[in-house]
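Thanks for joining; I would like to walk through one structure, starting with a pair of helices and then widening the view.

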Amino acid sequence: MAASNSRSAQAVLKQVELQLQLASEMEIEASEKACAIADLMHMSADKVDEVRMAVIEACINAIEHSRAEDGKLYVQISMLGHDEPETLEITVHDRGVGFDPKKLVQPNIEDKLKSASKRGWGFRIIEGLMDEVEVESGADGTSVTMRKQVGRS
Amino acid sequence: MTESLSLNVERRDGIAVIYTDGYINNQGGEEIAKVAYELIDEGYRSLLLNLAGTKIVNSIGISILIEIIEKIIEIEGKLAFCNLTPTINKTFHIMGLAQYTSIFDDEQDAVEHLGE
């Protein structure tokens, strides 16, 4: 996961918090809200679409794997910057059983084509589409924080 | 909420084109696979997935597309995609699908490739 952190020294200009059910299609609701904030920041259409896909994947991971007893998905969407919006930060959190991020296996297509299970691409996709990704997981659940900068190509 | 995926199929000379419209998630991927396997059973060895009507996919849906790629490799057929959004195109490259299938901007180029 990315080591640098563009959040430091940036102020929160706007923040939205969502509490959704851990259920199919909630990923769409979360992604639409994130895209609305990205649009407000004048992010390019292609970047907004990448944000949509990354949020969908983070939510699906929680929906599929968290086993959270409260059945909830918590999404925080923040517009960060100095005077102007610079960074979109999205955190998808669940209060589920957690996992060891160090044990995440990077999927590759050659192995997947031979394997009975073709799944396990979520984090690979998120990392490929966002500028920074941080994963924290433990007994209190899992948080995936993703950032995309408005100006970075 | 999103609408479920709908599919249309055009059968041409040796090439079958599947047009998708909607979200390719688990259910959508399964529907595409069902149609693709039916076309293979009919004898088609060249399939084109035209995703012009699909703006959103997820990794579970794409995982099912990988199953179709596996089947196509097994029968020594050809599978191509066209009209992907830039994000879906980028995602296919991140996952390495571009190594095992062909991706085209438009249907005409894809059909020409499959007809070769």
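Let me begin in chain B, where the axes of helix H1 (residues 26-42) and helix H2 (59-74) come within 7 Å and cross at roughly 15°, the axes being lines fitted to C-alpha atoms over the stretch in contact, with angles running from 0 to 180 degrees between N-to-C directions. H1(B) and H2(B) are therefore roughly parallel to each other, given that angles under 35 degrees count as roughly parallel, over 145 as roughly antiparallel, 65 to 115 as roughly perpendicular and the rest as oblique. The crossing of H1(B) and H2(B) is right-handed, the near helix being turned clockwise from the far one by less than a right angle. On the H1(B) side the contact includes Gly28(B), Gly29(B), Ala33(B) and Ala36(B), while H2(B) contributes, among others, Gly61(B), Ile64(B) and Ile68(B); two residues are in contact if their C-beta atoms, placed from the backbone, lie within 7 Å. By class, this contact has nine nonpolar, four polar and three charged residues, where Ala, Val, Leu, Ile, Met, Phe, Trp, Tyr, Cys and Pro count as nonpolar, Asp, Glu, Lys and Arg as charged, and the others, Gly among them, as polar.

A word on provenance: this is a predicted model, in which local features need pLDDT of at least 70 and side-chain atom pairs count only at pLDDT 80 or more, whereas totals for chains, interfaces and linings use all residues. Residues are numbered from 1 along each chain as its sequence is written, and chains are lettered from A and ligands numbered from 1 in the order in which they are written.

Turning to the interface, 23 residues of chain B are in contact with 22 residues of chain A. On the chain B side, H2(B) and helix H3 (86-95) each supply at least two residues, and the largest share, eight residues, comes from H2(B). That side of chain B divides into eleven nonpolar, nine polar and three charged residues.

Now for each chain as a whole. Chain B has four helices and five strands, which are DSSP runs (H or I of at least four residues for helices, E of at least two for strands) numbered from the N terminus, and its elements run β-β-α-β-α-β-α-β-α. Chain A also comes to four helices and five strands, in the order β-α-α-β-β-α-α-β-β. For the 153 residues of chain A, a compact globule would have a radius of gyration near 15 Å, and chain A agrees with its 15 Å; this is taken over C-alpha atoms, the globule rule being 2.2 Å times the number of residues to the power 0.38.

How many C-beta neighbours does Arg67(A) have inside 10 Å? Arg67(A) has 13 and so counts as partly exposed, a residue being buried with 20 or more other C-beta atoms within 10 Å of its own, exposed with 12 or fewer, and partly exposed in between, with C-beta atoms placed from the backbone. Arg67(A) lies in the loop between helix H2 (45-65) and strand E2 (72-81) of chain A, and its phi is near 50°, a positive value in a residue other than glycine. Asn83(B), likewise not a glycine, has a positive phi of about 55° and sits in the loop between strand E4 (78-82) and H3 of chain B, but Asn83(B) is buried, with 20 other C-beta atoms within 10 Å.
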